[in-house]
Amino acid sequence: MSGLRNMLLEPRFVRISHVLTIVVPLAWWSICYAIWVHKGCRAFLPFISEFDMWEPEDTIFTVGVSLTAVLLLIRMLQLYFAQRPRIRRFELGRKWSVLHELTLVPGTLGVCCAAGLAFVPWNDNLPLHVALADCIFYSGVTWCIAATSLTWRLSKIVPALTKGLRWRIRGSVVAAVSLI
């Protein structure tokens, strides 16, 4: 496991995966949207699931969402492995260690549901599509809140972690409120 951890935390790999996690979803979404508008559909933002109904957007959507899911899994594991030694070194206590381990559950579940959603268009199986989408939303928000809470706790000891923390807290709150 340390080989995987070392590879995931190698600085160049972290930078590349960070950039790709932003660029890949923006690219496939933009391409699908441009095709959508070019075909004569209304330019007002469609439901993202509409991209998975007709070719060529269907293939672009499936490949793009699958790649995005893999990239998100990598980023989640990078954060997990980066925080793990700090939690142990600073002896934050059992509850923070358990919360840290448990972040893998909603994170992995959300990523797996995203990958599954890429292959289940709503017009083929609406109940499954909705269940996968709900899983993505709820597990994603759960992961965000848990990961942000851990970063907040660690920022009390490592002040450098406060950079961007307010935005993460705001994003977690907005995401949680949006599910209500």
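Mentor: Begin with the word helix: here a helix is a DSSP run of H or I with at least four residues, and helices are numbered from the N terminus. Keep in mind that the model is predicted.

Trainee: How many helices and strands are there in the chain?

Mentor: The chain has seven helices and zero strands. Read from the N terminus, the order of elements is α-α-α-α-α-α-α. The C-alpha trace spans about 55 × 40 × 30 Å along its principal axes.

Trainee: What is the peptide bond from E55 to P56, cis or trans?

Mentor: That bond is cis, with omega near 5°. P56 sits in the loop between helix 2 and helix 3. Most residues other than glycine have a negative phi, and most peptide bonds are trans.

Trainee: Why does E91 count as exposed?

Mentor: The cut-off for exposed is over 50% relative accessible area. E91 comes to 69%, so it counts as exposed.

Trainee: How do you know whether A118 is buried or exposed?

Mentor: Buried means under 20% relative accessible area. A118 has 1%, so it is buried. A118 lies in the loop between helix 5 and helix 6. H129 is eleven residues away from A118 along the chain, and their C-alpha atoms are separated by 9.3 Å. Over the whole chain of 180 residues, 34% count as buried.

Trainee: What puts R166 and L26 on the exposed side?

Mentor: R166 reaches 65% and L26 reaches 54%, so each is exposed. R166 is part of helix 7, while L26 belongs to helix 2. From C-alpha to C-alpha, R166 is 9.6 Å from T148, at 18 residues apart in sequence. L26 and C135 are 109 residues apart in sequence and 22 Å apart in space, again C-alpha to C-alpha.

Trainee: Why is one space called a pocket and another a cavity?

Mentor: In a cavity a 1.4 Å probe fits but cannot get out, whereas a pocket is an open set of points. Rolling a probe the size of a water molecule over the atoms shows where empty space is left.

Trainee: What volume does the largest pocket have?

Mentor: The volume of the largest pocket is about 1300 Å³. Its lining has 45 residues, and those closest to the centre are T21, L72, R75, W143 and C144. Helix 3 gives the largest share of that lining, twelve residues. Helix 2, helix 3, helix 5 (104-117), helix 6 (126-155) and helix 7 (165-178) each supply at least two residues. By class, the lining of the largest pocket holds 24 nonpolar, 16 polar and five charged residues.

Trainee: Which residues line the largest cavity?

Mentor: M76, L79, Y80, Q83, H100, T103, W143, A147 and L150 line it. Helix 3 and helix 6 are the elements that give two or more of these residues, and the largest share, four residues, comes from helix 3. The largest cavity has a volume of about 40 Å³, and the structure holds one cavity of 30 Å³ or more.

Trainee: How many residues of each class are in the lining of the largest cavity?

Mentor: Six are nonpolar, three are polar and none is charged. Charged is kept for Asp, Glu, Lys and Arg.

Key: Residues are numbered from 1 along each chain as its sequence is written. This is a predicted model: local features need pLDDT of at least 70, side-chain atom pairs count only at pLDDT 80 or more; totals for chains, interfaces and linings use all residues. Side-chain values use heavy atoms; hydrogens and water are left out. On a 1 Å grid over the protein atoms alone, a cavity is a set of points where a 1.4 Å probe fits but cannot get out, and a pocket is an open set with protein on both sides within 12 Å along at least five of seven lines; lining residues have an atom within 4 Å of a point. Grid points are joined across faces, edges and corners, and a volume is the space filled by probe spheres set on the points. Buried means under 20% relative accessible area, exposed over 50%, partly exposed in between (1.4 Å probe, protein chains only).
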